[in-house]
Amino acid sequence: MFRSFAKVLTGSAAGMNGPKVLMQLHPADLTALLELAWDNRSDRTDLVNLVELKLGHPARRSSTPGFGTTWFGRAAYASSLPGNGVDVIAAALKNKKTPIPPPVSVTGLNGVLWDHLIYAYMIENTRVYEIFRRVVHEFLHGEKLGVPGSAESQSWLRTTEELFYRDPPPFFITAVTSHVRADIYATRRNAYQRMFAMDLNHGTDDNKSYPYVKAEAANSEFVNTFEAFLREVWIGIENVNNFSGAKPTDNAKIADLAEKLHDMLMTRRQNGNLSREEFVFVSMLSWFHLTVDTDTLPIIKDLRAEAASPEERLFKIAQRVGLPAHGLSKNYFDIADSISRILIEIETGIFNTPAGAPALYTPAAGGPEEAMQTIIRHWSIITGREMKARRVTPS
Amino acid sequence: MGDSINVGASGLNPSNQTVVDSLTEIMELFRQQVVNKTPPPLEGVADQAVQAFREINEALDLKPAPKR
């Protein structure tokens, strides 16, 4: 959510540095904005294209009530907003909420949507969370990294510690730790394992496997199915301009695989399961993604991490704190948005019939084909398995 | 070399004529491919899927809902 907030701020006035303004906000205001985003989430309950949306659908992720439904929350929301950027973001969140009828959209979206859990998984694989934990640790315990050189950096430090390296305040949607699940690192890994049957590519700082509860009910077929899906879509991309002879593109197979992915992901999301964790974790990782996304933030200058790209900034910071970032961080950063958006679209069910498949491999302005190309390229590099080659099966 | 050669109206051996016709057909398909490199516009559900992807992008970027 934080990258979306920054974009809103950047677009609100000429010369506005959205990330910089956002990172000056008080952690209480940032928490309130997350709460407002949850309150204004898409919650379509009626028919869309004659289909009743089940809880867990992208246009109806959860029925868990937000802060605004409470006595305390109603009073808080009724108060005037500070004019430091909070007002701009709050207006964008409220404007996103539209009345339910008539069904003007294909997806049924009628409010705020957040990234798919896969976004958090990809960004966390760069090791950005552990690297910034060391940054915060060093700044708070000594002067090995120097001292934060400005009020803005001091503000970033305070907010980052308060929002992401301590237990969240109770009663808010962000409160996903308790006596039952005390370790938020383990809770994230548990969510990734349930949704994708994938663990992060790193363990503890001393290279031991990280202990967490592994659920029995997990999408153990996700990777195989997703890779088969990528391979079939690549065949479509290769042959999109093939108008003569046999065409190996198989729309029915693409639809079968998309439906399989849809079914397994939506099974994990039954009755809105995992939506809250997803909301919190994608927001958390987007804060760190945003921090390394630009050279203009004072904290990047203080860390002497100016560079041409997010991964190069992260590599510099990692070197300073003595914890290496993942060597394929560029690929993780580059794949995160595309794969998030494609999985959300798969969860709408629109690719469950062969008629929808051509959209995945046919170039169209603003369509999913470009995102598919990005995913195929980076997934192949990350996994070391070439998605542009036919799978070889032993006979 | 001593076999007789049947010559058709076009002045070619009929078996050669078949080859020429096939090559002409292939060349025409190739020409069409070159001329018509752009795939036909998406229709129906595939077109809706493109629209859905745009809606998802706009929702994630907190842009106002598109007017349709």
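User: Which residues of helix 6 of chain A meet helix 15 of chain A in this model?

Analyst: The model is predicted. On the helix 6 side of chain A they are Ile118(A), Tyr119(A), Met122(A) and Ile123(A). Their partners in helix 15 of chain A are Tyr332(A), Ile335(A), Ala336(A), Ile339(A), Ser340(A) and Leu343(A). By class, this contact has nine nonpolar residues, one polar and no charged.

User: How do I read the direction of such a helix pair?

Analyst: Angles over 145 degrees count as roughly antiparallel, and those under 35 degrees as roughly parallel. Helix 6 (residues 117-124) and helix 15 (residues 329-348) of chain A pack at about 170°, with axes 8 Å apart. Helix 6 and helix 15 of chain A are therefore roughly antiparallel to each other.

User: At what angle do helix 3 and helix 5 of chain A cross?

Analyst: Helix 3 (residues 27-39) and helix 5 (residues 86-96) of chain A cross at roughly 10°, and their axes come within 10 Å. That angle is under the cut-off, so helix 3 and helix 5 of chain A are roughly parallel. Helix 3 of chain A brings Asp29(A), Leu33(A), Leu36(A) and Ala37(A) to the contact, while helix 5 of chain A brings Val86(A), Ile89(A), Ala90(A) and Leu93(A). These residues divide into seven nonpolar, no polar and one charged.

User: Which residues have the most contacts inside the largest nonpolar core?

Analyst: A nonpolar core is a set of buried nonpolar residues joined through C-beta atoms within 7 Å. The largest one has 119 residues, and Leu33(A) and Ile89(A) have the most contacts inside it. Helix 12 (residues 275-292) of chain A gives the largest share of this core, ten residues. Leaving aside neighbours within four places in sequence, Ile89(A) is in contact with Phe5(A), Val8(A), Leu9(A) and Leu33(A).

User: Is Glu311(A) buried or exposed?

Analyst: A residue is buried if 20 or more other C-beta atoms lie within 10 Å of its own. Glu311(A) has 23 C-beta neighbours inside 10 Å, so Glu311(A) counts as buried. Glu311(A) lies in helix 14 (residues 310-321) of chain A. Apart from neighbours within four places in sequence, Glu311(A) is in contact with Ser329(A), Lys330(A) and Phe333(A). The C-alpha atoms of Glu311(A) and Asp293(A) are separated by 8.6 Å, with the two residues 18 apart along the chain.

User: How many helices and strands does chain A have, and how do I judge its overall shape?

Analyst: Chain A has 17 helices and two strands. Its radius of gyration is 22 Å, close to the 21 Å of the globule rule for 395 residues, so chain A is as compact as a globular protein of that length. The C-alpha atoms of chain A fill a box of roughly 65 × 50 × 45 Å along the principal axes. Buried residues make up 46% of chain A. Among contacts in chain A between residues at least 6 apart in sequence, 70% join residues at least 24 apart.

User: What does chain B consist of, and how many of its residues are in contact with chain A?

Analyst: Chain B has two helices and zero strands. Of its 68 residues, 21% count as buried. For the interface, 27 residues of chain B are in contact with 36 residues of chain A. Helix 1 (14-35) and helix 2 (44-60) of chain B are the elements that give two or more residues to the chain B side. Helix 2 of chain B gives the largest share of that side, 15 residues. By class, the chain B side divides into 15 nonpolar, seven polar and five charged residues.

Definitions and conventions
Residues are numbered from 1 along each chain as its sequence is written. Chains are lettered from A and ligands numbered from 1 in the order in which they are written. This is a predicted model: local features need pLDDT of at least 70, side-chain atom pairs count only at pLDDT 80 or more; totals for chains, interfaces and linings use all residues. Helices (H or I, at least four residues) and strands (E, at least two) are DSSP runs, numbered from the N terminus. The radius of gyration is taken over C-alpha atoms; the globule rule is 2.2 Å times the number of residues to the power 0.38. A residue is buried if 20 or more other C-beta atoms lie within 10 Å of its own, exposed if 12 or fewer, and partly exposed in between; C-beta atoms are placed from the backbone. Two residues are in contact if their C-beta atoms, placed from the backbone, lie within 7 Å. Ala, Val, Leu, Ile, Met, Phe, Trp, Tyr, Cys and Pro count as nonpolar, Asp, Glu, Lys and Arg as charged, and the others, Gly among them, as polar. Axes are lines fitted to C-alpha atoms, for helices over the stretch in contact, and angles run from 0 to 180 degrees between N-to-C directions. Angles under 35 degrees count as roughly parallel, over 145 as roughly antiparallel, 65 to 115 as roughly perpendicular and the rest as oblique.
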